[in-house]
Amino acid sequence: MCLFCKIVNNEIAANIELENDDFIAFHDINPKAPVHILAIPKLHVESFNEVSPDVMSGMSAFIQELTKRLGIDKSGYRVITNVGENGGQEVKHLHWHILGGSKLKWDHFCDADPKDFF
Ligand code: AMP
């Protein structure tokens with residue numbers, strides 16, 4: 001069973017911010033911003049590559065509810081999901097990083113030249 005499935009099953013403790021029948025949101029153990037919450041489907045889905053439109057639809061509503069509850073919906077925030085090796089995905093259970101509570105930076109994603117792919 002993966003790490004986040006263990007959180008869903010209460011086998012590992014987490015600081016839960018919001019939960020419903022299908023999704024759960026908890027504080028990242030190593031926060032990168034004043035607000036850093038992970039939102040996940042309870043269903044094990046490996047990454048964004050495999051997510052269904054149905055789960056995505058519920059996920060969007062859940063994240064919107066979460067950002068309102070946290071009081072960051074108006075000030076702004078970032079939603080990120082890392083996919084696979086180049087995306088830097090460490091936990092192979094779909095999760096969305098919700099980052100906010102301060103002005104976020106947007107620079108230096110990689111060392112490669114952005115003009116090198118296409
Ligand atoms: P990613 O690199 O996108 O797979 O992100 C995984 C995230 O999970 C990282 O930001 C970790 O800090 C976080 N993380 C790992 N273990 C735990 C845990 N037990 N509780 C909360 N967050 C965790």
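Biologist: In this predicted model, which element gives the most to the lining of the largest pocket?

Modeller: Helix H1 gives the most, with 3 residues. Helix H1 covers residues 3-8, and among the other elements that each supply at least two residues of this lining are strand E2 (23-27) and strand E5 (96-100).

Biologist: What makes a residue part of that lining, and which residues lie nearest the centre of the pocket?

Modeller: A lining residue must have an atom within 4 Å of a point of the pocket. The largest pocket, with a volume of about 830 Å³, is lined by 33 residues, and Asp-28, Lys-32, His-36, Asn-82 and His-97 lie nearest its centre. By class, the lining divides into 16 nonpolar, 11 polar and 6 charged residues.

Biologist: Where does the ligand sit?

Modeller: The space taken by the ligand is the largest pocket. A molecule is said to sit in a pocket if more than half of its atoms lie within 2 Å of the grid points of that pocket, so the ligand is placed there by that test.

Biologist: Which residues are the closest to the ligand?

Modeller: Of the 15 residues that surround the ligand, the closest are Asp-28, Asn-82, Glu-90, His-95 and His-97. This shell has 6 nonpolar, 7 polar and 2 charged residues, and H1 and E2 each supply at least two residues to it.

Conventions:
Residues numbered from 1 in each chain as written. Predicted model: local features only at pLDDT ≥ 70, side-chain atom pairs only at ≥ 80, totals over all residues. Heavy atoms only, no water. 1 Å grid on protein atoms, 1.4 Å probe; cavity = no way out; pocket = protein on both sides within 12 Å on 5 of 7 lines; lining within 4 Å. Points joined across faces, edges and corners; volume = space filled by probe spheres on them. Helix = DSSP H or I, 4+ residues; strand = E, 2+ residues; numbered from the N terminus. Nonpolar A, V, L, I, M, F, W, Y, C, P; charged D, E, K, R; others polar. Near = heavy atom within 4 Å.
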